[in-house]
Amino acid sequence: MKKIITAFMASASLFSAQAAYATTYTPAGNWTFQGMVTVQKGSGPILNCLATATFVVPEAAPDAHGAGSHGHMLTGPTNLSIGPGDAGCATIRIVSNPHSSSSTTSATGQDPVVINNVDVDTTITPGDCFGNLAATVVPGAPPGLEVDTILPAVVAGTGDCTIIGTLDLLSPVGGSVTP
């Protein structure tokens, strides 16, 4: 019986240690990422476009991670935009702003982020795309947001939208992500 209780306590402490992981985003507030992504609708042309994503980092201080301004997740409302780059980028619009979004923390700080119900209007090829955009936060100086996702076509047979690229933290200047 004593061995069973000891084994239970050991496994419970492992679960507690895993639950203690909390990525820290410093400071709290609005976070804007920006960078070049490739966008392709079905078998249409591959376009290099400037993408921008703005999230909110809710204030968590004071907590076990300190009293200074910080948070533990990216959340919504999230705004997305596709802008200048190749001439064809003008034919791509995100028409569903703002979005709800969610993120989870990890031991490495490479937190998965999901931006919900992204509606992409593509006039360069027939049909639009709609779905949840997946990305990953990458700690560093500056932190980044890696996007590698496929949004399904709204009209079957018109081709999905593939979006791939890395956005760097534009603001807050000096913002950091630590596991």
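Visitor: What joins Cys-49 and Cys-89?
Guide: A disulfide, with the two sulfur atoms 2.0 Å apart. The term covers a pair of cysteine sulfur atoms within 2.5 Å. One caution: this is a predicted model, where local features need pLDDT of at least 70, side-chain atom pairs count only at pLDDT 80 or more, and totals for chains, interfaces and linings use all residues. Residues are numbered from 1 along each chain as its sequence is written, and side-chain values use heavy atoms, with hydrogens and water left out.

Visitor: Where do Cys-49 and Cys-89 sit in the chain?
Guide: Cys-49 is in strand 3. Cys-89 is in the loop between strand 4 and strand 5 (92-94). Strands here are DSSP runs of E with at least two residues, numbered from the N terminus.

Visitor: Which hand does the link of Cys-49 and Cys-89 have?
Guide: Left-handed, with -95 degrees about the S-S bond.

Visitor: And is Cys-49 buried or exposed?
Guide: Buried, at 0% relative accessibility. Cys-89 is buried too, with a relative accessible area of 1%. Buried means under 20% relative accessible area, exposed means over 50%, and partly exposed is in between (1.4 Å probe, protein chains only).

Visitor: How many disulfides are there in the whole structure?
Guide: Two. The other joins Cys-129 to Cys-161, S to S 2.1 Å. That link is right-handed, with 80 degrees about the S-S bond.

Visitor: What is the pairing if I number the bonded cysteines in sequence order?
Guide: It is 1-2, 3-4.

Visitor: New topic. How many salt bridges does the structure hold?
Guide: One. Asp-121 pairs with Arg-93, and the closest N and O atoms are 3.1 Å apart. The rule asks for a side-chain nitrogen of Lys or Arg within 4 Å of a carboxyl oxygen of Asp or Glu.

Visitor: Where are Asp-121 and Arg-93 in the chain?
Guide: Asp-121 is in strand 7 and Arg-93 in strand 5. They are 28 residues apart, and the pair links distant parts of the chain.

Visitor: Is Arg-93 buried, exposed or partly exposed?
Guide: Partly exposed, at 47% relative accessibility. Asp-121 counts as buried, because its relative accessible area is 17%.

Visitor: What about rings? How many aromatic pairs are there?
Guide: Three by this rule. Rings of Phe, Tyr and Trp (its six-membered ring) pair if their centres lie within 6.5 Å; planes under 30 degrees apart count as stacked, over 60 as edge-to-face and the rest as tilted. One of the pairs is Tyr-25 with Trp-31, edge-to-face, 5.6 Å centre to centre and 80 degrees between the planes. Tyr-25 is buried at 0% relative accessibility. Trp-31 is buried as well, with a relative accessible area of 0%.

Visitor: How are Phe-33 and Phe-55 arranged?
Guide: Edge-to-face, 6.1 Å centre to centre with 80 degrees between the planes. Phe-33 is in strand 2 (residues 29-41) and Phe-55 in strand 3, 22 residues apart.

Visitor: Which residues form the aromatic cluster?
Guide: Tyr-25, Trp-31, Phe-33 and Phe-55 form one cluster.

Visitor: What is the volume of the largest cavity?
Guide: About 140 Å³. It is lined by 15 residues, and Ala-51, Leu-80, Ile-82, Leu-133 and Val-147 lie nearest its centre.

Visitor: And the second largest cavity, which residues line it?
Guide: Val-39, Lys-41, Pro-45, Leu-47, Ile-92, Thr-122 and Ile-124. About 40 Å³ of space lies in that cavity.

Methods
1 Å grid on protein atoms, 1.4 Å probe; cavity = no way out; pocket = protein on both sides within 12 Å on 5 of 7 lines; lining within 4 Å. Points joined across faces, edges and corners; volume = space filled by probe spheres on them. Helix = DSSP H or I, 4+ residues; strand = E, 2+ residues; numbered from the N terminus.
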